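This tutorial shows how several features of a structural model may be read.

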Amino acid sequence: MAIQNPPVSQTKSFYTVFLIEMWERFGFYGMQVLMVTYMMKKLGFIDTKANLVWGAAAALIYATPAIGGWVGDKLIGTRRTMVTGAVVLALGYAMLWIPSNNPTLTYVSLGVIIVGNGFFKPNAGNLVRKIYEGDDVRIDSAFTIYYMAVNIGSMVSMTATPWIRDYVGEHYGDAMGWHTAFGACAVGLVLGLVNYSLMRRTLAHIGSPADEQPVAANRVLALIGASLVLVVVAAFILQSLLAAKICVYLAGIVILGIFMHLIRNAEKSERAGLIAALVLTVQTIFFFIFYAQMATSLNLFAQKNVNLSFDVFGVHVFNWIPEQYQNLNAIWIVILSPVLVAMYNGLGRVGKDPSVAFKFALGFGAVAVGFFMYGLGAMSAVDGQVSSWTMVWGYGFYSLGELLVSGLGLAMIARYVPARMGGFMMGAYYVAVGISQYLGSVVANLAAMPENISSPVESLNIYVGLFNKLGFVGIACTVVAVVMLPLMNKLSRSHSEAHTPLPAVHSEEV
């Protein structure tokens, strides 16, 4: 039930969450943009190991919010859990600030970040939902702005942290440069927490019932103990590639088994929606395998095979640091989001808004074009280096695909899954996405560099070979999605006839 006469406006409450989310994303993407390169250049990992360690970390980062949402709802409250998550994340980034290149410290730091993200991520989003509870008109606009917070935070940090690393490294030594850049992520979280403490009054009336109850000491101790165990387990999984592989594949089997169980035992009127959700979830997993290339193969491609100078009609404009190219994803999303929203609204007014399944098909087509752009750019490469503009257009199509596919993932769960299974299925969806993040790092290793290759001309052929293969897989996914459109439309109609459709919700990448 919507809260009547709140002591402050919805807008003020929203911006309190908006700002801490923006700083949290600043910290996360600032760390992500450097991590694979850091593991290779400072920890001495080969590219295959760095990719797999990050893939396992990304998988766990997606999985833990399923636990954090339950903690916020049932144990200590949504607000408290979000703030706890921000504090734990700041601690994790601060541990990476320590000037040590000990792999164990990196694994434990990532374990702390994984746990902190699990606390923070689901509860920040839940607070936005609670702020606009019962206000269906404004909630879509709120989540659109909230999604922008993600991209503002990530754009700033993915530009800033590589620059900080290079600037500090040049003046105070390479090791200090890396760790100071990670330290900037911790500072971002601290700034977010300071801002939250100044504005927390605006959220005093928002939260779960647990927020209004005092927290028992034994519950706090149990939560701390469980968190420490999770950090140790996460660190163990990250340092053991075999353990990571076993966990990922077991999780995949469990998720598929749960879907099958739910479909078999659901009421007849619910089965069509669940089958549609399963099909779209599998398609989403394939998309996130493509998405995982951003921090792995595309990042390493920028290190070796991209001319870092941005030129316009032969005139040099500026240079980018290799890791900063990952920023193109956020820049394109900011540019394309309002365009797509306007198109959806316009088509919706005349009753021609495309189905989710059709948007998935278009998204895969866009991703395929994006990966083929790198092969196209390679045709005019000079000394094994493609133009920076190749990365711009490759990321452009790739980001369009992201908006069409992953941007609709949670909307698909909301639309097709019965409300009584909604919370559980949201968690299962995120775990499935986590699995695909790990699989994405396995795919990235198809472009592993043999030790005897150092020439950009040779490495260009290896990377372009992978990107072309991904382009063809994208085409195959598009064809499958198009072929399945009649079935998906039939399932959607069957579901709609039995249920009043739920409003779509905006999703956001972890």
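The dialogue below turns to cavities, a helix, backbone angles and aromatic pairs.

Q: What kind of model is this, and how are its residues numbered?
A: This is a predicted model, in which local features need pLDDT of at least 70, side-chain atom pairs count only at pLDDT 80 or more, and totals for chains, interfaces and linings use all residues. Residues are numbered from 1 along each chain as its sequence is written, and side-chain values use heavy atoms, with hydrogens and water left out.

Q: Which residues line the largest cavity?
A: Lining residues have an atom within 4 Å of a point. There are 15 of them, and Gln32, Trp54, Ala58, Tyr291 and Gln437 lie nearest the centre. Helices (H or I, at least four residues) and strands (E, at least two) are DSSP runs, numbered from the N terminus. The elements that give two or more residues to this lining are α1 (10-41), α2 (47-63) and α16 (422-444). The largest share, five residues, comes from α2.

Q: Is Ser441 buried or exposed?
A: Buried means under 20% relative accessible area, exposed over 50%, and partly exposed in between (1.4 Å probe, protein chains only). Ser441, found in helix α16, is buried at 1%. Leaving aside neighbours within four places in sequence, Ser441 is in contact (heavy atoms within 4.5 Å) with Asn51, Leu52, Gly55 and Ala292.

Q: What span does helix α10 reach?
A: The expected span of a helix is 1.5 Å times one less than its number of residues. Helix α10 (residues 268-291) has 24 residues and reaches 35 Å from its first C-alpha to its last, close to the expected 34 Å. This helix is mostly covered, with 18 of its 24 residues buried.

Q: Where does Phe313 lie, and what is its phi?
A: Most residues other than glycine have a negative phi. Phe313, however, has a positive phi near 50°. Phe313 lies in the loop between β1 (309-312) and β2 (315-319), and is exposed at 86% relative accessibility. Asp383 also has a positive phi, of about 55°; this residue lies in the loop between α13 (356-378) and α14 (388-405).

Q: How many aromatic pairs does a search of the whole structure find?
A: Rings of Phe, Tyr and Trp (its six-membered ring) pair if their centres lie within 6.5 Å; planes under 30 degrees apart count as stacked, over 60 as edge-to-face and the rest as tilted. The search finds 33 such pairs. The rings of Tyr38 and Phe182 have centres 5.2 Å apart and planes at 85°, so this pair is edge-to-face. Because Tyr38 lies in helix α1 and Phe182 in helix α7 (residues 174-199), the pair ties together parts that are 144 residues apart in sequence.

Key: 1 Å grid on protein atoms, 1.4 Å probe; cavity = no way out; pocket = protein on both sides within 12 Å on 5 of 7 lines; lining within 4 Å.
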